Amino acid sequence: MTENTHDIASQMRAGMRYLASGVSILTATDTDGQPKAMTVSSITSISDKPPSLLVCVNSAARMDTAMKSSTQFALSILAAEHENLSNRCANPDEIDNRFVEQEDWLEDERSGLSYVRGAVAVFVCTKKQIIPHGTHTIYIGDINEVKIAQSKPVLVYLSGGYHALRPGSR
C-alpha cells in the first residue's frame, strides 16, 4: 500500500465514523451444519424486484468461510436491547460463546437458520452472488422472508459507540 493510499484509508475510517449505521447480526450455517453469527453494519437493500440486499464480510473472518459454503443467510436488525449480544458476536474471542445464551435465538422453520429473538426485523435470504473486493467479500441475497417486530428503539453505531434510535424520532 502506498503512503497516499494509507493516508486515504485512514481518512476514510475517520470520516466513516460520522455515518450512523444500523447494527445487525448475520447468521449462516457452516459445512457441518453448525450456526455461525457475526455483528455487521455493512448491509444495504439493492432492489425490490427481486427483493434483495447485500452484506459485506471481512475475508479473514471465520464467518466468510461459513457464508461461502452456505446457500442461505439471515440478517437480524438489532433493537437497542441487543447491545450485549452485538458485542459478543463482534468479539473474535467470543466465537464459541455466541450461541451459549439460547434465549437470544430463534430458528426459522423453513430455512433452519438462527436469528435474533426480538430483532426489529429479520431478512431470510438465498445467496445469489459473491463478489470479492479488497479485504472484504460482498454477498448478495434474494429475500425469501421478512419478519417485522413491533416498533421499538433500534441499535445504531456512530462515532465508535452504540446509540438507541427510536423510530419516528428526530
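Predicted model: local features only at pLDDT ≥ 70, side-chain atom pairs only at ≥ 80, totals over all residues.
## Accessibility and the model

A residue counts as buried under 20% relative accessible area and as exposed over 50%, with partly exposed in between.

## The buried side of α3

Helix α3 spans residues 83-90, and within this helix L85, S86, R88 and C89 are buried. Because these residues cover an arc of only 165° around the axis, they lie on the same side of α3. An α-helix has 3.6 residues a turn, so residues three or four places apart point the same way.

The cover over the buried residues of α3 includes strands from several parts of the chain, among them β2 (24-29) and β3 (35-40), β7 (105-107) and β8 (114-116), and also β11 (154-158) and β12 (161-165).

## Two aromatic pairs

Two aromatic pairs are found when the whole structure is searched. In the pair formed by F99 and W105, the ring centres are 4.4 Å apart and the planes stand at 35°, so this pair is classed as tilted. F99 is buried, with a relative accessible area of 16%, and W105 also counts as buried, at 7% relative accessibility.

The pair formed by Y157 and Y162 is edge-to-face, with 5.5 Å from centre to centre and 75° between the planes. Y162 has a relative accessible area of 21% and is therefore partly exposed, since the buried class requires a value under 20%. Y157, at 36% relative accessibility, likewise counts as partly exposed.

Methods:
Residues numbered from 1 in each chain as written. Heavy atoms only, no water. Buried < 20%, exposed > 50% of the residue type's maximum accessible area, 1.4 Å probe, protein only. Helix = DSSP H or I, 4+ residues; strand = E, 2+ residues; numbered from the N terminus. Arc of directions from axis to C-beta. Contact = heavy atoms within 4.5 Å. Phe/Tyr/Trp six-rings, centres within 6.5 Å; stacked < 30°, edge-to-face > 60°.
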